[in-house]
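Here is a report on a structure with more than one part to look at. Read it with the model open beside you.

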Amino acid sequence: MRLNDRNLLAMGALVRYPLRTLMMLTATAMGVAAVVVLTSLGEAARSYVAAEFQSLGTHLVIVIPGRSETSGGGLGMMIGQTPRDLTLADAQALLRSSAVKKIAPMMVGSASVSYDGLERESPILGSTPELLDVRQWSMALGEFLPNVDMERAASVCVIGETVRRELLRDQPPIGKWIRVGDRRCRVTGVLGNAGRSVMVDVDEIVVIPVVSAQALFNSPSLFRILIQAKSREAMATAQRDVRRIIKERHQGEEDVTVITQDAVLATFDGIFSALTYAVGGIGAISLIVAGVLIMNVMLIAVSQRTREIGLLKALGARQRQITALFLTEAVFLAAMGAVVGVALGYLASIGLGLIYTDLEFQPPLWAVGSAVLIALACGVIFGISPARRAAKLDPIKALAGK
Amino acid sequence: MIRLDHLNRYFQVGDQQVHALEDVTLTIDSGESVSIMGPSGSGKSTLLNILGLLDTPSSGEYWLDGVNTSGMDNNELATTRQSRIGFIFQSFHLVPRMTAFENVELPMMLAEMDKEQRRERGLQALDRVGLIGRVDHRPDQLSGGERQRVAIARAIVMQPRILLADEPTGNLDTAAGKEIVGIIEELNAQGLTLIVVTHDPKIGERAGRKLRLLDGKIVTNRNSSASLP
């Protein structure tokens, strides 16, 4: 039989049994749509996290106290050793590396912040003027920390938008003296539009000079040292230099963890890619379920059309022709289901994009492609057994409808 | 043209063996009109199925146009059916979703004829059975007699040598039945070999040769010229 004729015959049969066609179409479409939506969800999450890490700053290298061991619990932990503190002197020493452009030591804690009888608990960030650049924050109002020696404690602070709104209300914030913990400081500026950034909600925080924070929390130990490398290429050198310098200063012990933004990003990227594959796989399983449904419904179709098959045989149809005819039907169903499913998937992605405006839903092409391919393969694989059954029917019994 | 040589057909029903055809030897010449009669279970249908290559004998030989069909595989049987044998059934066996023309077109599609040829031959066949005005009607828009005429057009469209009819008037009223008999007799007069299985003696008696089966055996094989005008 010619391909064109076969397609016509198959289409005719599909149109003739609309309920059956619709059922199988829906099953396949749901499977394909599931793959498309789930993977676009995974991709959206992945690119969201990637963007978040980009907002961390450029060419960022982060020094964290304590060695992160890849094997066991670490000898140090077992014999009760604690890592040496990271100090301001350590931070300053890092500037010796030619690959390092800027450093920003960070202390983190929490304290009550009050003004004129209003009080709230806020995360307190102790740092230096360089932080603004390193984290690529901006100011909404006034100035960031004054550019003085990092060892000097100045009674100044910079506040986030929420803090300003809740404590100072409508008053002009610059120059107001607020109380942070047990000390008073003058507001020099309000942090700008950075909004949420990885690790901190900028609107909620109060930034004070790092020395003030050390005094406030009564500890010399830094939480992090953020380093901006001179260029992307310099990041590896910076990382190496940082390790060497800290090791020198810590009596030969490499007791810090140095991570680069890229490495963190790569890790998250890997996690979210795996996640995307996983949810895509779950969607693919639903496609295979759809395939099983195709098989069952095709088997019913074969028994419904037994007499027609008998007739075709009497008219001289070869087994191969009958197999091809029913297989074509199954593949058509799968193909139509795939098209509808891709359309539904894209629609759902657009819908999700309207609900979760932070995320960008763009179904990945590889997922769309493989969903369609799997749907077609299901049509063939699960269509072949009913088609062969049809082809093998005994013509006399089939004509009698048995 | 058709030669059956000591043909036997057994069926296994449960643990019992049924002898549906027993030592049938028969020759039918080109252009003959043959009726096969006999009570239910006498083997009429089995004989017709074997003649139509839908069934194969358990032993014995069936020669069609000088070819021994027992050596044929499924595909060869299908091809031979397609080109040499036309079927007419009691229940018409039209595909309900297709128009009259599409039903007639079906065997030509299976034979991979091109579209123009199919159009030409299909319309010609429908014209021969007097249905040229009903080409685009579906079976449910046609009367019983018209449906059977579509089936006849479908049976002859491949220009076979043999027309096998299984109770062709069984589902029709008298008037329509007469019409159908008229059409197939006319086809026979034009040279088509006609083999009709029937219960109806009025139709059976019209055939040039009457076969009577009983318990799988041919008990009567009688020529007459009664049906010829």
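## A helix residue in chain A

In which helix of chain A does A:Ile285 lie? A:Ile285 belongs to helix 9 of chain A, residues 261-304. Helices (H or I, at least four residues) and strands (E, at least two) are DSSP runs, numbered from the N terminus. A:Ile285 is exposed, with a relative accessible area of 53%. A:Ile285 and A:Ile62 are 223 residues apart in sequence, and their C-alpha atoms are 42 Å apart in space.

## How to read the model

This is a predicted model, in which local features need pLDDT of at least 70 and side-chain atom pairs count only at pLDDT 80 or more, while totals for chains, interfaces and linings use all residues. Residues are numbered from 1 along each chain as its sequence is written, chains are lettered from A and ligands numbered from 1 in the order in which they are written, and side-chain values use heavy atoms, with hydrogens and water left out.

## An enclosed strand in chain B

Look at strand 3 of chain B, residues 33-37. Is this strand buried or exposed? 5 of its 5 residues are buried, so strand 3 of chain B is largely enclosed by the rest of the structure. In a regular strand the side chains alternate between the two faces of the sheet. Both faces of strand 3 of chain B are covered. B:Ser33, B:Ser35 and B:Met37 are buried on one side, and B:Val34 and B:Ile36 are buried on the other.

Strand 3 of chain B also has partners. Two strands pair if DSSP finds at least two bridges between them. Strand 8 of chain B (residues 193-197) pairs with strand 3 of chain B in the parallel sense, over 4 bridges. There, B:Val196 is the bridge partner of B:Ser35. Strand 9 of chain B (residues 209-214) pairs with strand 3 of chain B in the parallel sense too, over 4 bridges. In strand 9 of chain B, B:Arg212 is the bridge partner of B:Met37.

## An open sheet in chain B

Chain B has an open sheet of 4 strands in the order 2-1-4-5, with antiparallel pairing. Strand 2 (16-28) and strand 5 (67-68) of chain B stand at the edges. Each has a single partner strand, so one side of each is left without a neighbour in the sheet. Strand 1 (residues 2-13) and strand 4 (residues 59-64) of chain B pair in the antiparallel sense over 5 bridges. B:Leu64, in strand 4 of chain B, is the bridge partner of B:Ile2.

## Two loop residues with positive phi

Most residues other than glycine have a negative phi, and most peptide bonds are trans. A:Asp116 has a positive phi, near 50°. A:Asp116 sits in the loop between strand 2 (100-115) and strand 3 (118-127) of chain A. At 67% relative accessibility, A:Asp116 is exposed.

B:Asp215 has a positive phi near 50° as well. B:Asp215 lies in the loop between strand 9 and strand 10 (217-223) of chain B. B:Asp215 is exposed, at 54% relative accessible area.

## Salt bridges within chain A

A salt bridge is a side-chain nitrogen of Lys or Arg within 4 Å of a carboxyl oxygen of Asp or Glu. The structure holds 28 salt bridges over all chains. One of them joins A:Arg46 and A:Asp269, at 2.5 Å from N to O. This pair links distant parts of the chain: A:Arg46 is in helix 2 of chain A (residues 18-54), A:Asp269 is in helix 9 of chain A, and they are 223 residues apart. A:Asp269 is partly exposed, at 28% relative accessible area.

A:Asp241 and A:Arg244 form another salt bridge, with the closest N and O atoms 3.5 Å apart. Both lie in helix 8 of chain A (residues 234-249), 3 residues apart, about one turn of the helix. A:Asp241 is buried at 11% relative accessibility, whereas A:Arg244 is partly exposed at 42%.

## Where the chains meet

Contact means heavy atoms within 4.5 Å. The contact takes 24 residues from chain A and 26 residues from chain B. The count between the two chains is 2 salt bridges. One of these joins A:Glu308 and B:Arg97, with the closest N and O atoms 2.7 Å apart. On the side of chain A that touches chain B, helix 10 of chain A gives the largest share, 6 residues.

A:Glu308 also forms a salt bridge with A:Arg305, at 3.5 Å between the closest N and O atoms. Both A:Arg305 and A:Glu308 are buried. Salt bridges that share partners join A:Arg20, A:Arg305, A:Glu308, A:Glu329 and B:Arg97 into one network.

How values were computed. Buried < 20%, exposed > 50% of the residue type's maximum accessible area, 1.4 Å probe, protein only.
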